Amino acid sequence: MPGNNPRETILILGGTREAADLARQLVGGRPEARIITSLAGRTKEPAPLAGEVRTGGFGGAEGLARYIEDNGVTQMIDATHPFARQISANAAEAARLTGIPLEIRTRKPWAKQPGDRWTEVETLEEARDAIPPDARVLLALGSQHIGLFSTREDVHFVVRMIDQPETPLTLPDHTLVLGRPGDSAAVETMLLIAHSITHIVCRNSGGKAAYAKIEAARQMGLPVIMVKRTP
Ligand code: NAP
């Protein structure tokens, strides 16, 4: 810990609603500490965050370790998305390199409830292959995973994204919906009905922000092809 910066400095690896909630709690509850949230920079206009924000990759575990030392970070909290595996691995390595404590706050996966019609699969490839012919699918995945589904020429995909993608989607037959996930089952039900969705494909990310579509699917009796967490 550098001697020239005795102030407690907490680095939150963020990009999730839970990380934003945590930043708000820490800024309110620990006024003596410096609270920094790190974002990868994938979203053009992220929601406002309490405390300081820094944006963009660090340059691997070594880059993150350098950032920790340069900024006198005394504690790191990994509150990233559970499928964001690289940054979590980098955080563990950077904590080892610098000797600072790392707290891991990964959301619990959603548990299947009575009425849920889930087909659980291990990988996105298995999810793609589990879609029945001629389905109409809400593909609730990040833009980097969409291309994998372009071989399914028989399927109509509805893709929801926060920002307009920089390059057109390669899916042969699709509708792009711009916006954030709905925050209630009622809002998500409207989307599912409006697009005559027959299946949802998503990953078991857990948390509240993306759960409304799962509740909507349960209420409508819609099947969900769910990519499980792997250790
Ligand atoms: P990833 O595969 O684990 O990370 C890829 C690279 O992006 C990392 O090596 C790192 O670059 C940079 N990076 C990731 N998170 C960062 C952060 N919080 N601050 C600074 N750099 C970060 O991650 P991903 O799946 O692309 O997700 C990127 C971000 O979006 C994460 O912060 C995550 O919490 C958020 N997010 C992801 C998803 C999802 O579906 N995966 C969903 C919602 C939100 P360097 O090696 O150069 O440091």
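Visitor: In what order do the five strands of the open sheet lie, and is their pairing parallel or antiparallel?

Guide: Strands of a sheet pair through backbone hydrogen bonds, either parallel or antiparallel. Here the order is S3-S2-S1-S4-S5, and the pairing is parallel. Strands (E, at least two residues) and helices (H or I, at least four) are DSSP runs numbered from the N terminus, and two strands pair if DSSP finds at least two bridges between them. This is a predicted model, in which local features need pLDDT of at least 70 and side-chain atom pairs count only at pLDDT 80 or more, while totals for chains, interfaces and linings use all residues. Residues are numbered from 1 along each chain as its sequence is written, and side-chain values use heavy atoms, with hydrogens and water left out.

Visitor: Which strands stand at the edges of this sheet?

Guide: Strands S3 (52-55) and S5 (102-104) do; each has a single partner strand, so one side of each lacks a neighbour in the sheet.

Visitor: How many bridges join S4 to S5?

Guide: Three bridges join S5 to S4, which spans residues 75-78. Within this pairing, Ile77 has Glu103 of S5 as its bridge partner.

Visitor: Which strands does helix H3 touch?

Guide: Contact means heavy atoms within 4.5 Å. Helix H3 (residues 85-98) packs on the sheet and touches S1, S4 and S5, its direction making about 160 degrees with that of S4. Axes are lines fitted to C-alpha atoms, for helices over the stretch in contact, and angles run from 0 to 180 degrees between N-to-C directions.

Visitor: In what order do the strands of the six-stranded open sheet lie?

Guide: The order is S6-S11-S10-S7-S8-S9, with parallel pairing. Its edge strands are S6 (117-121) and S9 (174-178), each pairing on one side only. Five bridges link S6 with S11 (residues 223-227), and Glu120 has Met226 of S11 as its bridge partner.
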